[in-house]
Every structure is written in structure tokens, then in C-alpha cells.
Amino acid sequence: MPKLEIDGVTRRFEDTVALAPVQLAVDAGEFVSIVGPSGCGKSTLFNIVSGILRPTSGVVRIDGTDVTGQTGHVGYMLQKDLLLPWRTVLENITLGSSLHGRVTDDELERGLALARRYGLGDFVHHYPHALSGGMRQRVALMRTLAMARDVMLLDEPFGALDSQTRLEMQRWLLSVWQEQQRTVVFVTHDIDEAIFLADRVVVMSPRPGRVREILDVDLPRPRTLDVLTSAPFSALKARILHLIYDLEMADAA
Amino acid sequence: MPPERTWKDSIALQIGAPLASFALLVGVWALVIELFDIPGYVLPTPTATFDAITGDWSTLIEGAWITFKEFVFGFVAGVLVGFACALAMAQSRLVQRALYPVLIASQAVPIIAIAAALVIWLGFGLAPKVVIVALIVFFPVVVNVLDGLSSVDRDMVNLVRAMGASRLRAFRTVELPATYTPMFSALKLSATFSVTGAVIGEWTASTSGGLGAYLLQANSRLNTPATFAAIVLLAALGLIAFLCVVAVERWLTPWRTRSAARRWSRSRRWQARTRSGAPAVRADGGAVAGGQPPTTA
């Protein structure tokens with residue numbers, strides 16, 4: 001049984017079809033990237049899976065259970081870190097626990113362990129404004145991890161970072177993912193990022209937003225920077241570029 | 001910049017610079033009297049004013065205490081009512097539409113006119129002054145708290161709601177703290193003016209004393225040094241009022257002026273405690289939240 005199943009999900013906004021039927025199954029522990037130009041419906045799909053938006057038709061299942069339109073079943077993270085400025089790093093990481101009463105010593109300890117493990121140990125009592133953009137995104141991911149959901153949705157989490165920090169964060173995310181064994185759905189418009197991180201890349205196309213093709217990424221793990229310049233990587237990238245841009249040109253013609 | 005240096009600089013800046021500028025002000029004051037030969041009943045010298053303060057110290061300090069009490073009670077009442085009002089208005093568009101014009105109209109009425117009516121309703125004691133101060137503080141608090149509430153990022157609210165927070169909890173976690181910064185901006189602006197409000201209240205009618213009443217008496221007797229003594233104390237009171245607000249602001253919104261939490265914050269105390277007593281925190285990554293051990297552990 002797949003961990004996450006998106007079964008015939010569609011979404012209309014008044015007269016426009018934002019999402020034509022989408023069929024996608026993600027296995028437990030799998031890393032799936034969703035890539036596509038703006039307007040391809042990837043954010044709509046993201047909001048439907050996170051439960052914030054109801055699909056016009058179709059079902060979202062986690063472990064076989066119908067969770068369509070219900071929030072709280074997946075952990076999610078956006079391009080905006082959404083850290084609370086009045087909470088320290090540790091308090092932001094343990095935000096999920098604090099919403100259900102007083103944070104216990106045990107939860108604090110787990111938050112601290114996460115922060116230490118992933119390079120924030122010296123900053124646990126700092127306020128977010130004292131951190132760099134990359135560090136803030138790390139805290140946001142720690143917060144998502146601490147929510148203890150098997151499925152994590154990441155919507156362009158590194159989109160606002162400069163390219164060096166972004167690469168560093170991608171490698172860091174891979175190491176976190178490999179240790180924590182969560183199922184990750186990663187939305188991005190950056191093709192390199194999509195391939196570098198994922199087991200499979202879902203290519204979406206606009207008007208109407210739909211899944212164009214799902215490609216397997218047969219690159220060895222753990223992935224190093226060499227992967228980025230390897231032949232299979234370039235081939236995949238060429239294929240995805242072709243899928244996205246030939247289509248756009250065909251549309252324009 | 002090395003931290004010690006900065007610390008010393010800031011002490012020198014924070015205490016030395018204001019003292020110097022006050023000294024300069026007093027110097028100019030004395031110099032103007034000297035240069036233009038101004039008689040003492042028009043403008044008393046700094047020394048004469050100082051003598052007037054020390055000479056009538058017990059009465060003045062008693063008056064200052066009364067005025068300060070009017071300020072504190074009125075200020076707190078104004079903040080509480082203004083905050084409650086803003087919350088009610090934020091909950092419903094109808095309430096906001098209905099109340100906003102009334103609030104604006106209430107601000108257009110001269111405070112001195114309201115003061116006269118308040119004396120008729122509430123007498124000559126503490127109550128009318130408290131109400132005047134509250135009226136002055138109330139409006140900026142409503143406007144700024146409403147601003148703070150509307151500036152909250154909806155994604156932030158969605159996030160905590162998606163994490164399972166109730167509406168009330170989401171409000172307490174995300175929206176309420178977002179009002180502190182704009183609210184304190186309002187309070188800093190109204191702090192000094194509140195003291196003026198208390199004085200206006202005392203001028204209208206007062207049997208309970210206060211610096212305003214003292215000022216009025218001294219003025220009617222053409223006792224200029226005593227008038228200036230009251231003015232100096234009122235200025236000091238305004239400064240104290242302002243500093244009180246700043247102190248409360250620093251205490252309640254530490255994230256605005258500090259990069260890290262205070263040593264006595266809960267998590268820091270917890271960490272200090274666990275370090276000294278309990279065994280060290282596991283650093284093996286095996287501590288994953290929510291009872292979901294990673295398979296790599």
C-alpha cells in the first residue's frame with residue numbers, strides 16, 4: 001500500500017480547471033519532487049494534500065485512510081519560514097507541542113536533540129531575527145520534523161535563498177531525510193533541485209494543470225555534488241526541459 | 001565591534017548623552033536670563049526654581065505622587081478597554097463598522113470639554129482624572145492593536161491551525177503577540193500626553209490635589225518659581241511615565257531588543273537544570289519527536 005495516494009484529484013476555480021485529474025502514489029520513505037512552470041497547479045495540489053483546500057473531486061489517502069480536506073495529517077513547510085518572531089529557536093521547533101498545552105521537558109529535550117543534531121545547537125535560545133535565511137529554514141524544517149508526521153510536504157522551501165546556501169541546504173535536507181526516513185513531497189520550479197533530491201520527478205504542465213510525466217531518477221545515493229554534472233543527470237534534465245518548454249512553445253504557436 | 005566596547009559605549013550613550021543635553025538646556029536657560037536681564041517674576045533662574053522645589057519638597061512630591069497615580073490608573077484602564085475594544089472589532093466587521101465612527105467622533109471632542117462634564121458626573125476626586133487619561137490612551141491603542149491584528153500573516157495562522165491548534169490557541173499563539181509591537185508604539189506616544197491629561201483633569205476641578213492643582217495655585221499667586229517647580233516636576237513625571245512604558249515593553253517583548261532569550265526564560269532554566277542534574281541530552285539523533293523512532297537508529 002502506498003504511503004500517500006492522490007487518486008483522481010481535480011480542482012476547478014469557477015470556470016478554470018486548475019488541476020486536471022491527478023494520479024500519484026508515493027511509497028513510504030520515498031522522496032518525490034514535483035516540478036513545473038507557474039500555473040501548472042503544483043501549489044493547488046500541495047494545498048489539497050495538506051488539507052487546506054478541498055478538491056472538486058478525487059480522494060487523498062494516507063496509509064489507505066481517506067484524509068481529503070483534513071488538516072494535520074502531514075507536516076508542511078513553505079518558502080516563507082513562518083517562524084514566530086517572539087519565540088526562540090527551541091520554542092519554534094516545539095511549536096506543535098505547545099499548541100496542545102504546556103511543552104513537557106521531554107518534548108523540549110527532543111527539540112534540543114534535533115537542533116543539536118542538525119547544526120543549530122548554539123542557537124537554540126536565539127530569536128529568529130538573529131539567524132540567517134538558511135538557518136531560519138533549518139529551524140522551519142526542524143519544526144516540521146518535530147510534528148512527527150510520516151509525510152512531509154515542502155513547497156519551494158529554499159526558493160528564497162541564494163544559490164550557494166540553497167545547494168548547502170539541499171545536501172543537508174538529503175542527510176536529514178536519509179536519517180529520519182520520512183516520505184517527502186517536494187514542490188519546486190528548479191529542475192536541478194528536483195532531480196538532485198528525488199527518487200522520482202513529477203513533471204507538471206499548465207492550462208490545465210496536469211501531470212505530464214513521472215520520471216525515475218536512477219542516480220546512486222548518497223548523492224554528492226558530482227551527480228550534478230553527471231551524464232544521467234544531464235539527460236534527465238534535458239528530458240524535463242523538453243517536456244516543459246517544448247510544450248510552452250507548442251502552446252504559443 | 002567587540003562586545004565589551006559596545007556595552008560601555010551604550011552606557012555612556014544612554015546616561016551621559018541625555019545628562020549632557022539637560023545640562024546644556026539649563027545652561028541656556030540661565031544664560032538667557034543673564035543676557036536679557038529677565039526679571040524673576042517672568043522667568044526664574046534655574047537656582048530659584050531649584051530652591052522652590054527643595055523649599056516645598058513635601059507638598060510637591062505629594063502632588064507628583066497623586067498625578068502619577070492618576071496617570072497609572074488611567075493608563076492601565078485605557079489600555080485594557082482599548083485592547084478589549086480592538087479585539088471585539090477584529091472579530092466582526094459589523095462591530096468594526098459600527099464602532100469606528102463613534103471612536104473617531106469621541107476623539108474630535110476637546111478633552112477639556114469632556115473634563116467639565118466628567119466633573120459633573122464623577123465629582124472632584126480621582127475618578128474624572130483617571131477617565132480623562134484613559135480616554136487619551138484608549139484611541140491610539142484601539143487603532144494600533146487593530147493594525148497589528150490585520151498585519152498577521154494568514155499563512156502563519158493556517159500553519160498553526162494545520163498543526164492542530166484551536167481557534168483560541170491560534171489567536172493566542174500568533175495574533176495576540178503580533179499586537180504588542182504596534183501597541184507599545186501607541187503607548188510610548190501617549191505616555192507623556194497622558195500626564196498632560198491628568199493635569200487638565202486637575203485644572204478643571206480638584207479637591208484631591210496633584211501637580212496640576214499646585215501649578216494652578218502658584219500661577220494665580222504669580223509665584224513664578226513655584227510654577228516652574230511644578231513644570232519641572234511635571235516634565236520629570238512625563239519622562240518617568242515614558243520610561244515606565246519602555247521598561248514594560250522591554251520586559252514583554254524581549255525579541256525586539258535581544259538576539260537571544262533571557263537567562264531566566266523557561267527553556268534556559270530548564271536547560272541549566274537538566275545539565276546539572278539529569279544525564280546529558282542524547283546526541284545520537286535517536287530523540288525524534290512523537291514516538292516515531294527513525295529506522296537508522
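**Helix packing, sheets and the chain contact**

User: In which hand does helix 4 of chain A pass helix 5 of chain A?

Analyst: This is a predicted model. In it, helix 4 of chain A passes helix 5 of chain A, and the crossing is right-handed.

User: Which word describes how helix 4 and helix 5 of chain A lie to each other, parallel or oblique?

Analyst: The axes of helix 4 and helix 5 of chain A come within 10 Å and cross at roughly 135°. Angles over 145 degrees would count as roughly antiparallel, and those from 65 to 115 as roughly perpendicular. Helix 4 and helix 5 of chain A are therefore oblique.

User: How many nonpolar residues has the contact of helix 4 of chain A with helix 5 of chain A?

Analyst: Helix 4 of chain A contributes A:Arg110, A:Gly111, A:Leu114 and A:Ala115, while helix 5 of chain A contributes A:Met142, A:Leu145 and A:Ala146. By class, one residue of this contact is charged, one is polar, and the nonpolar residues number five.

User: Which element gives the most to the side of chain A that touches chain B?

Analyst: The contact between the chains takes 40 residues from chain A and 35 residues from chain B. On the side of chain A, the elements giving two or more residues are helix 2 (89-93), helix 3 (95-98), helix 4 (105-117), helix 5 (133-146) and helix 6 (163-180). By class, this side has 19 nonpolar, twelve polar and nine charged residues. The most, nine residues, comes from helix 4 of chain A.

User: Which are the edge strands of the open sheet of six strands in chain A?

Analyst: The strand order of this sheet is 6-7-8-3-9-10, with mixed pairing. An edge strand pairs on one side only, and this holds for strand 6 (75-77) and strand 10 (210-216) of chain A.

User: What is the bridge partner of A:Ile34 in strand 8 of chain A?

Analyst: Strand 3 (residues 31-35) and strand 8 (residues 183-188) of chain A run parallel and are joined by five bridges. In strand 8, the partner of A:Ile34 is A:Val187.

User: At about what angle does helix 1 of chain A run to strand 7 of chain A?

Analyst: Helix 1 (residues 42-50) of chain A lies across strands 3, 6, 7, 8 and 9 of chain A. Its angle to strand 7 (151-155) is about 150°.

User: Which residue in the turn between strand 4 and strand 5 of chain A has a positive phi?

Analyst: Strand 4 and strand 5 (residues 65-66) of chain A pair in the antiparallel sense over two bridges. In strand 5, A:Thr65 is the bridge partner of A:Ile62. The two strands form a hairpin with two residues between them, and the residue with a positive phi, of about 50°, is A:Asp63.

User: How many helices are there in chain B?

Analyst: From the N terminus on, the elements of chain B run α-α-α-α-α-α-α-α-α-α-α-α. Chain B has zero strands, and the number of its helices is twelve.

User: Which class makes up the contact of helix 5 of chain B with helix 6 of chain B, nonpolar or charged?

Analyst: The axes of helix 5 (residues 111-122) and helix 6 (residues 126-150) of chain B come within 9 Å and cross at roughly 145°. Among the residues in contact are B:Ile114 and B:Leu118 of helix 5 and B:Val131 and B:Leu135 of helix 6. With no polar and no charged residues, the twelve residues of this contact are nonpolar.

How values were computed. Residues numbered from 1 in each chain as written. Chains lettered and ligands numbered in written order. Predicted model: local features only at pLDDT ≥ 70, side-chain atom pairs only at ≥ 80, totals over all residues. Pairing = 2+ DSSP bridges. Helix = DSSP H or I, 4+ residues; strand = E, 2+ residues; numbered from the N terminus. Contact = placed C-beta atoms within 7 Å. Axes fitted to C-alpha atoms, helices over the stretch in contact; angles between N-to-C directions. Nonpolar A, V, L, I, M, F, W, Y, C, P; charged D, E, K, R; others polar. Parallel < 35°, antiparallel > 145°, perpendicular 65-115°, else oblique. Left-handed = near helix turned anticlockwise from the far one by under 90°.
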